[in-house]
Amino acid sequence: MKKNLLLTPGPTQIPPDICAALGRPIIHHRTPQFQQYLKDAVEGLKYVFQTKSDVLIMASSGTGGMEAAVANLLSPGDKAIVVEGGKFGERWTELCKAYGAIPVVVKVPWGKGVEPKQIKEAMAANPGVKAVLITLVETSTGVTNDVRAIADVVKNTEAVLVVDAISGLGVVDCQMDNWGVDVVVSASHKGFMCPPGLAFIAINAKAMKMAEACKSPRYYFDLRKAKKVMEKETDTPFTPAIGIVIALNESIKHIKEQGLEKVFAHFARLAKATRAAAVALGLKLYPDDSCMSNALTTICVPEGVDGNKIMKVMRDTYGISVAGGQGEELKGKVIRIAHMGCIDEYDIITGISCLEKVLKELGYKFTLGSGVAAAQSVFNS
Ligand code: PMP
């Protein structure tokens with residue numbers, strides 16, 4: 001039986017004790033035992049979201065959290081600024097349209113981060129805009145946006161700033177309260193090292209007030225209801241994903257034991273080594289230097305080599321999963337190696353050495369071992 005190392009940007013590698021927690025017999029959710037798990041999970045999430053505001057947990061993938069944000073904040077006809085610099089920014093636009101809100105699209109070339117002044121200009125040109133919807137780590141390109149600088153533009157206006165931090169939370173810094181972000185969305189299967197199945201939404205008082213007044217229809221993702229039952233009964237409106245909430249408690253323990261600063265430094269180091277390896281192999285990094293994410297490295301594949309083939313051979317022959325390119329723009333042209341979840345330096349070295357082997361097999365000319373050596377020298381420095 002082959003092992004399967006996940007170097008993908010979600011789902012990510014799950015540590016053994018979390019796997020063990022997932023194997024525990026199910027308990028009922030309307031019990032003091034589960035209420036304690038839920039309470040601890042919420043407290044732990046507040047630590048990772050760096051907020052004192054409410055954090056609500058829903059049974060869905062990350063997109064459910066994004067939908068909850070749009071359904072609760074934007075009424076039909078409301079305008080929202082959306083930043084499109086990749087596949088996941090485009091999702092905000094699609095969600096706005098689904099709820100009859102009007103997306104004001106700020107286009108950013110793929111591989112670049114949004115400039116705060118672009119947001120400023122869009123807000124000035126669209127008075128009365130209700131929300132600014134952005135992405136912390138644009139997973140399709142490997143860019144981390146400067147959320148702090150964008151928050152400086154949006155705070156002190158009528159609009160709320162909503163950040164899709166599905167990829168980046170617990171991997172790169174995102175200080176909800178200190179930076180002045182109103183809503184942050186995340187999910188269980190990336191930085192939190194759990195299986196997919198939970199979405200998290202942190203929402204401050206300004207945004208909750210907007211949710212109370214919002215006219216969009218909502219049922220499953222009604223944050224007013226979720227807040228109420230959490231406060232009154234330490235419960236969720238519907239059956240929670242019990243097993244994943246229990247596993248989340250273990251995940252948060254890991255993150256707290258390390259402390260956020262050390263966690264961010266760990267992933268930054270893995271990212272640095274991965275980039276050094278790619279460059280040593282003569283490969284180009286896709287995003288601009290200024291906004292390259294520590295959550296994943298997007299590497300351009302050499303001329304004449306199919307990126308999807310690299311990904312398939314690594315996975316099917318050698319049991320190492322990386323991600324390919326998304327959308328017309330990047331399909332077959334890049335591979336994406338994630339540094340999130342339960343991975344360490346030897347996982348990165350294993351991934352790089354496998355990439356080298358497959359590149360060699362596909363006819364790319366380079367010095368075998370040069371990528372691994374470059375990564376090793378980062379880890380030994
Ligand atoms: N936003 C970002 C930045 C993501 O990386 C992803 C998942 N790759 C999503 C949204 C969508 O999350 P999900 O697939 O869990 O719905």
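Good morning, colleagues. Please keep in mind throughout that the structure on display is a prediction.

I begin with the open sheet. It is built from 7 strands in the order β2-β10-β9-β8-β5-β3-β4, with mixed pairing. At its edges stand β2, residues 54-59, and β4, residues 102-107, each of which pairs on one side only. From one strand to the next, the twist averages 20°.

In general, the strands of a sheet pair through backbone hydrogen bonds, in either a parallel or an antiparallel sense. Strands β2 and β10 run antiparallel and are joined by 6 bridges; within this pairing, Ile57 faces Phe200 of β10. On β10 there is also an antiparallel pairing with β9, over 5 bridges, and here Val184 is opposite Ala202. By contrast, β5, residues 131-135, and β8, residues 160-164, run parallel, again with 5 bridges between them. Leu133 has Val162 as its bridge partner in β8.

How much of β10 is buried? The strand is mostly covered, with 6 of its 6 residues buried. As a general rule, side chains in a regular strand alternate between the two faces of the sheet. In β10, Leu198, Phe200 and Ala202 point one way, while Ala199, Ile201 and Ile203 point the other way, and all are buried.

Helix α5, residues 116-125, lies across β3, β4 and β5, and runs at about 155° to β3.

I turn now to the ligand. There are 14 residues around it, and those that come nearest are Ser61, Thr63, Thr139, Asp164 and Lys190. A polar side-chain atom of Ser61 is 2.5 Å from a ligand oxygen atom. For Gly62 the atom concerned is a backbone N or O, at 2.8 Å from an oxygen atom of the ligand. Lys190 places a polar side-chain atom 2.6 Å from a nitrogen atom of the ligand.

The next element is strand β11, residues 296-300. It is mostly covered, with 5 of its 5 residues buried. Leu296, Thr298 and Cys300 point one way from the strand, and Thr297 and Ile299 the other way. Strand β11 is joined to β14 by 5 bridges in an antiparallel arrangement, with Leu296 opposite Ala338 of β14.

Let us look at one residue of this strand, Thr297. Why is Thr297 classed as buried? Its relative accessible area is 2%, and it is therefore buried, the limit being under 20%. Its side chain makes a polar contact of 2.8 Å with the side chain of His339. Beyond its neighbours within four places in sequence, Thr297 is in contact with several residues, including Ala271, Leu285, Ile335 and Ile337.

Finally, I come to helix α12, residues 307-318. Its 12 residues reach 16 Å from the first C-alpha to the last, close to the 16 Å expected at 1.5 Å a residue. At the start of the helix, a side-chain oxygen of Asp306 comes to within 2.9 Å of the backbone nitrogen of Asn308. Just after the helix, Gly319 takes a positive phi of about 75°.

Which residues of α12 are buried? They are Gly307, Asn308, Ile310, Met311, Val313 and Met314.

The C-alpha atoms of Lys331 and Asn308 are 7.4 Å apart, although 23 residues separate them along the chain. Is Lys331 buried or exposed? With a relative accessible area of 53%, it is exposed, because the threshold is over 50%.

Definitions and conventions: Residues numbered from 1 in each chain as written. Predicted model: local features only at pLDDT ≥ 70, side-chain atom pairs only at ≥ 80, totals over all residues. Heavy atoms only, no water. Buried < 20%, exposed > 50% of the residue type's maximum accessible area, 1.4 Å probe, protein only. Helix = DSSP H or I, 4+ residues; strand = E, 2+ residues; numbered from the N terminus. Expected span 1.5 Å × (residues − 1). Polar contact = N/O pair within 3.5 Å; in protein donor to acceptor, adjacent residues only side chain to side chain. Pairing = 2+ DSSP bridges. Axes fitted to C-alpha atoms, helices over the stretch in contact; angles between N-to-C directions. Contact = heavy atoms within 4.5 Å. Near = heavy atom within 4 Å.
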